[in-house]
Amino acid sequence: MRNTILGISAFYHDSAAALLINGEIAAAAHEERFTRKKHDSSFPINAVRYVLQEAGMDYKDLTAVAFYDKPFLKFERLLETYHGFSPRGLVSFQSAIPVWIKEKLFMRRLLKEQLGMLGDGKVPIYYPEHHLSHAASAFYPSPFEEAAIVTIDGVGEWATTTIGCGQGNKITLLKELHFPHSVGLLYSAFTYYTGFVVNSGEYKLMGLAPYGNPESPRLKDFVRKIKTDLVDIREDGSILLNMDYFSYATGLRMVFEHKWEQLFGVPRRRAESEISQVYMDMALAIQQVTEEIVMRLCQTAARLTKSRYLVLAGGVALNCVANGKLLRSGMFEDIWIQPAAGDAGGALGAAYAVWYIREGNRRILNCSPDAMHGAYLGPSFSDREIERILGNCGAVSSYYDNFDELAKLVATKLAEGKVVGWFQGRMEYGPRALGNRSILGDPRSPEMQKKLNLKIKYREGFRPFAPSVLEEDIQTYFELDRPSPYMLLVAPVRADRRVTAPSDYHEKGLYERLYFLRSDIPSITHIDYSARIQSVSKDVNPRYWQLIREFKTLTGYSVIVNTSFNLSTEPIVCTPQEAYHTFMQSEMDVLVLENFVLQKDEQPVGFRAWADEGASRPDPDSPYADPRTGDPLIVTPTGAINPATDTRYEVEDGIPRLFLPTDDKELDGANVTDIVRKFYEKTPFPNYDNVDNVRALLQKAGRGLFARLLNEQIPFDARVADIGCGTGQLTNFLAIAHRSVLGTDMCGNSLALAHQFAITHGIDRAAFAQMNLFRPGLRDGFFDFVISNGVLHHTNDPRRAFARISRLAKPGGYVLVGLYHAYSRQLHYARRALFRLSGITSRVLDPHFGRVGAGGKREAWFQDQYCHPHESCHTLDEVLSWLEENNLEFVNAIPKPAGGPQLTADERLFEPKDRGTLASRVWSQLCSLSSGYREGGFFIVISRRH
């Protein structure tokens, strides 16, 4: 009979599920990989379903469920903390207490409700303490019969750090450090102050630390101030934080910023701003202090346990720089670190705690090198599934029956400097990609680090990359004498491979140091001549090992660059569809999905924006037409011509000028189109002030669910027109994924900003043209998707404008329009009237005002919403009548005409929905009045041409 234990971590960050069958790990996965929400903290319903499905069982078949902490103890800590610090934090307490009551005090009920979604069955639920779950995750899958255990993170219930001892199937916790004194929260405070996001940016701070100047007097001063004013480090590694400087215990921020500024003489760095040397020195200072604390804690663990072995878990155990120094210290004969050391690993540890501690099962060490199966514990996909997914995506691929041939091909591509997406077998458990969901490159290339950061991952340029090296060759490249299978140890690159740095190395700027060639494997040699190493075993991952072996045969180097298969704004990919999406949305050259190989230059193209110079006839794949006659145009970078009439149009700065005026007088006899065009020429909208790179654009779009769904669901080979694109943010966003997208607008200034962004960032599938939407210079029946979001209500005749642009969609193509709503816009009109009477502009007047960060963008948004010379409002039934007039069928609307959720993460935008009844549509629209749904009272209708 199988004994099956489900482990769960949830409701803080990095939710996950793990399943043990008779004490063996069967499956484990992060919830974020299924929801596509980074560090998802929700109940891991999808991860639970996966691990049960992987084991071929139902919820009712489980022996037990284990949750990774004790909710009542955590609730007690929250209450006592506020009581101890009162009256400080009263406002945050009042806002937080309803959530705590639901998620902490009634956690048992909440868990049972969530688990009830999986089926009937009275399965007992156990609640090991948070740090016991960490300790169990570190010790039980390790290769040691006995070991010292150290767990360090932000906070569990009360404990923030523990020292324990593992022996056989028993764990004894010997010492604890309690909240608010926390090594993890100290490090997170500096993560916050240096401008990164807490609970996700700590690894950025660690990567930034080597850029600090180790010889700088400022560094020494920072270390002194940290150890004198912020933290008292005791001989045994325990710490006391000076809570006069920290606000995380009761506030909504990590620190009291004014006190930190007085202490360090520098304000908190704002996110996305330039990183100056002072923040690099600050990062190095806290890294050095953290290493000192970790070393002292581990010395105490060695003294208390007398063990030659050490196991580590908790978020701070992911600090691989500290881990490497700990190993090199010789304090222990060997160390082992749980690859899912953060809260996600608590799910596995909780299950282990029930198996060994609650049920008393005997522990038998019969696995090599440990019990984690290489951390390859997630979903895998068959060739048949991949073939079906690629077919649905319209992808072009080649299939290889012989893996030897595939490995040689991919190794050749890597040696040519290509970037390869490598998707094989089961997904990794933990934050690191270990060769099954990886992006690979050539470590010899001086340009590879820059290309991967800026063109593939779309992230900060200073970030280092890790090497994957054949396990048997590890000492050929690095000063490390043992395997490092989970990329959790940093070690120096061998001295004989290094290039000596110039004497003024530390005085140079960040990027001057970054792009100095420090070794013969520059793309994986960090600024301080170190590397975060993954060793690859033939026994654990034979395919990945063989690929690296083929690369060695070609180049003489048995090491390649390995980074996680994701964009910086997304979790690591789980499915082939997500892998293809990421492949298309980056400048990756090759994608390998098991035995399928896809090359970027072979993928389908929606349309060709430019004809060849000297072309004598229009290209059937060109979108352009004469706005006067509708005849196809020949458009080249030097001009556009109608060969039927010899009519010529200018192309200026890469933008075809196809604008023709219309006589649409409405405002005091003036031309509405001309008035609106002049308005936007003066204040282009939306502005790019705070969106100066692809990563920032992806982050901005990612915060909007609608834009994210568009990007996920519009096929990559689609022809897309963005009518009234403004400064082209949606056009550029959709074209990042190598879709062919044409943005049109009547405002030349806006188009110039859009085109410049595309050119600067290499978005070569985005094209822009100046035209009048009433007389578009585009071919009718050409586009798969015609989008006009927030435009038609600024024309003198939206009905006629809709009729004109809808003709651009081909049969079966979609037309998407966004308009101001006649009901929900009334709330905005009240705000606008108040502004005109009082002159007040604040988030009190309009909550959207406070969400617009940069000054130029805020001004553009304000002008568009409060000072626009012309706009109209509409109802859903009015737009439904437009559909009937133009031979379009209703597909979807937001808000929903038949009621229900307005928009969800699993919404299928282009699947037909119920158009509701007249009563349901009126009610849905009335409900939007109170919320002013979307910014300024907006609604969207999607239709399809018959």
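On a 1 Å grid over the protein atoms alone, a cavity is a set of points where a 1.4 Å probe fits but cannot get out; grid points are joined across faces, edges and corners, and a volume is the space filled by probe spheres set on the points. This is a predicted model, in which local features need pLDDT of at least 70 and side-chain atom pairs count only at pLDDT 80 or more, while totals for chains, interfaces and linings use all residues. Residues are numbered from 1 along each chain as its sequence is written, and side-chain values use heavy atoms, without hydrogens and water.

The structure contains five cavities of 30 Å³ or more. The largest cavity holds about 80 Å³ of space. Its lining residues (those with an atom within 4 Å of a point) include Tyr 458, Glu 587, His 738, His 761 and Asp 764.

I turn now to the helices, which are DSSP runs of H or I of at least four residues, numbered from the N terminus. Helix H7 (residues 183–193) packs against H11 at an angle of about 175°, with the axes 10 Å apart; axes are lines fitted to C-alpha atoms over the stretch in contact, and angles run from 0 to 180 degrees between N-to-C directions. H7 and H11 are therefore roughly antiparallel, a term for angles over 145 degrees. In their contact (heavy atoms within 4.5 Å), H7 contributes residues including Leu 186 and Phe 190, and H11 residues including Met 282 and Ile 286.

Helix H11 (residues 277–305) also packs with helix H12 (residues 320–328), at about 45° and with axes 10 Å apart. Here Gln 287, Glu 291, Met 295 and Cys 298 of H11 meet Val 321, Ala 322, Lys 325 and Leu 326 of H12.

Note on methods. 1 Å grid on protein atoms, 1.4 Å probe; cavity = no way out; pocket = protein on both sides within 12 Å on 5 of 7 lines; lining within 4 Å. Helix = DSSP H or I, 4+ residues; strand = E, 2+ residues; numbered from the N terminus. Parallel < 35°, antiparallel > 145°, perpendicular 65-115°, else oblique.
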